[in-house]
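Here's a quick tour of one chain for anyone who likes cut-offs spelled out. Have a look at the fold, then read on.

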Amino acid sequence: MAWILLTIAGLLEVGWSIGMKYTEGFTRLWPTVGTVAGIAASMLLLSQAAKTLPIGTAYGVWVGIGAAGAAVLGMVVLGEPATAARIFFVCLLLVAVVGLKATSGH
């Protein structure tokens, strides 16, 4: 169950990080409300997962999902550069996430 919560927390991190782009410096009400709600929900789920998972693993996976997801959505949705180097490093992030999961012992 902790891994499911952590995965959802990571996906919410992707959502709120992309959401920050639309808050325009937290000056637009509804994008700000959605972003803040996403941050709170993501942190809550991370804290629940960390009750049973090692914090280094939980935090690393959470950040990895968020960073990789935000980078991919940035390239696909926001028109950010999709260079070979960026794609390579996103793949490295995903390898790190899988490695942390595989070596966590949970």
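Leaving aside neighbours within four places in sequence, which residues is Pro54 in contact with?

## Pro54 and its loop

Pro54 is in contact with Ser104 and His106, once its neighbours within four places in sequence are set aside; contact here means heavy atoms within 4.5 Å. Pro54 is found in the loop between α2 and α3. The helix labels come from DSSP runs (H or I, at least four residues, while strands are E, at least two), numbered from the N terminus.

Pro54 is partly exposed, with a relative accessible area of 31%. On that scale, buried is under 20% relative accessible area, exposed is over 50% and partly exposed falls in between, using a 1.4 Å probe and protein chains only. Ile18 sits 36 residues from Pro54 along the chain, and the C-alpha atoms of the two are separated by 27 Å.

## Ground rules

Bear in mind that this is a predicted model, where local features need pLDDT of at least 70 and side-chain atom pairs count only at pLDDT 80 or more, while totals for chains, interfaces and linings use all residues. Numbering runs from 1 along each chain as its sequence is written, and side-chain values use heavy atoms, with hydrogens and water left out.

## The nonpolar core

The largest nonpolar core has 15 residues, and Leu6, Leu46, Ala49, Leu53 and Val61 have the most contacts inside it. A core of this kind is a set of buried Ala, Val, Leu, Ile, Met, Phe, Trp, Tyr and Cys residues joined through side-chain atoms within 4.5 Å. The elements giving two or more residues to this core are α1 (2-23), α2 (29-49) and α3 (55-76), with α1 giving the most, at six residues.

Val61 touches Trp3, Leu6, Val97 and Leu100, not counting residues up to four places away in sequence.

## Helix α1 and its end

How well does the span of α1 fit its length? At 1.5 Å a residue, its 22 residues should span 32 Å, and the end C-alpha atoms are 31 Å apart, which agrees; the expected span is 1.5 Å times one less than the number of residues. The buried residues of α1, including Ala2, Leu5, Gly10 and Trp16, pack against α2, α3 and α4 (84-102).

Thr23, also in α1, counts as buried at 1% relative accessibility. A polar atom of the Thr23 side chain lies 3.1 Å from the backbone nitrogen of Phe26. Beyond its neighbours within four places in sequence, Thr23 is in contact with Arg28, Pro31, Thr32 and Thr35. After α1 comes Glu24, with a positive phi near 50°.

## Aromatic pairs

A search of the whole structure finds two aromatic pairs. Rings of Phe, Tyr and Trp (its six-membered ring) pair if their centres lie within 6.5 Å; planes under 30 degrees apart are stacked, over 60 edge-to-face, and the rest tilted. Tyr59 and Trp62 have ring centres 5.6 Å apart and planes at 40°, so this pair is tilted. Both lie in helix α3, three residues apart, about one turn of the helix. Tyr59 is partly exposed at 47% relative accessibility, whereas Trp62 is buried at 5%.

Phe88 and Phe89 make an edge-to-face pair, 5.1 Å centre to centre with 70° between the planes. Phe88 is partly exposed, its relative accessible area being 48%.

Key. A polar contact is a pair of N or O atoms within 3.5 Å; within protein, one must be able to donate a hydrogen and the other to accept it, and residues adjacent in sequence count only if both atoms are side-chain atoms.
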